[in-house]
Every structure is written in structure tokens, then in C-alpha cells.
Amino acid sequence: MSPDLPASLGCAAAGCSSPAVVQWRRRNASGGTDAVLACGTHAITLDAAAHVHLAACTAPDPAHLPACDCTPEPIPTTQVSEPAATQTLPTGWTVPVVKVSVPAAAPVLAAPQGPPTA
Ligand SMILES: [Zn+2]
Ligand SMILES: [Zn+2]
């Protein structure tokens, strides 16, 4: 159970008291999202429910169902990381290329050698 679910799990449509079966998220004033619940009758499409809706979205509004009257936020695309580059070793093994960061030449810490100057 998400802690941000409304206490009553009823449909958010006006005048409807059916138990909610679907949920989507709507942006709230503080920049977070609120859960919006709806029964099967007042559900928006699964596709639309996958988006975060604008704060001004009135769904579930029977006038617009199963769509809504906002343009939902785009679904963030998961960054598909490029397949790691591989190299083939002389042994025939194919292994990921390990980027070795070569540190700059270590500073010479030894004291200068030489005859002591008097
Ligand atoms: Zn309903
Ligand atoms: Zn909407």
C-alpha cells in the first residue's frame, strides 16, 4: 500500500461511490503527485493512466471518459544503456572493455640526492 493513497478508496468521479479499481497519478500543487482513483465505469484508458496527469486534469470526468481533458505528461523513457564495448583477448575471450584511467605521472617525492651543500 502506498502511503499516499486517499483514505477512502472510492471512485473520484462526482456522485459516484463505487469502489475504485483503477488508479493514476495527477500532479499536485507542491510538484508531487496525487493518486486519483476511479471505478470501472469512470476509468480512463490504461494508456492514459500510465501518464502523470496535469493538476488541472478533471478526470474522471464523465464528459471526457475514457479520456481526460488534459494533455498528460510524457512518460519518461528509460535510458537504454548502450551495450558495453567488448574486446577479444589473445586467448579468444571476449570481455568488456575496461576503461583504465591512467593517473598522471606520480610526483617525485624523494628528496633530491646529491652532495650536501655546506
Ligand atoms: Zn465511478
Ligand atoms: Zn488528464
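Author: What follows is a short tour by question and answer. This is a predicted model, in which local features need pLDDT of at least 70, side-chain atom pairs count only at pLDDT 80 or more, and totals for chains, interfaces and linings use all residues. Residues are numbered from 1 along each chain as its sequence is written, chains are lettered from A and ligands numbered from 1 in the order in which they are written, and side-chain values use heavy atoms, with hydrogens and water left out.

Reader: Where in the chain do Cys-11 and His-42 sit?

Author: Cys-11 is in the segment before β1 (22–27) and His-42 is in the loop between β2 (33–38) and α1 (46–49), so the pair, 31 residues apart, links distant parts of the chain. Helices (H or I, at least four residues) and strands (E, at least two) are DSSP runs, numbered from the N terminus.

Reader: Is Cys-11 buried or exposed?

Author: Buried, at 9% relative accessibility; His-42 is buried as well, at 14%. Buried means under 20% relative accessible area, exposed over 50%, partly exposed in between (1.4 Å probe, protein chains only).

Reader: Now the other zinc. What are the donors of ligand 2?

Author: The zinc ion (ligand 2) has His-53 (ND1), Cys-57 (SG), Cys-68 (SG) and Cys-70 (SG) as protein donors. Their spacing in sequence is H-x3-C-x10-C-x1-C. Cys-57 and Cys-68 both lie in the loop between β3 (52–53) and β4 (86–88), so the pair ties together parts that are 11 residues apart in sequence.

Reader: Change of topic. How do β1 and β2 run?

Author: Antiparallel, joined by six bridges. Two strands pair if DSSP finds at least two bridges between them. β1 and β2 form a hairpin with five residues between them, and Gly-31 in the turn has a positive phi of about 90°.

Reader: What does the side chain of Asn-28 join up with?

Author: The side chain of Asp-34, by a polar contact of 3.0 Å. A polar contact is a pair of N or O atoms within 3.5 Å; within protein, one must be able to donate a hydrogen and the other to accept it, and residues adjacent in sequence count only if both atoms are side-chain atoms. Asn-28 is found in the loop between β1 and β2.

Key
Donors are N, O and S atoms within 2.8 Å of the metal (3.2 Å for Na, K and Ca); water is not among the atoms, so sites may look incomplete.
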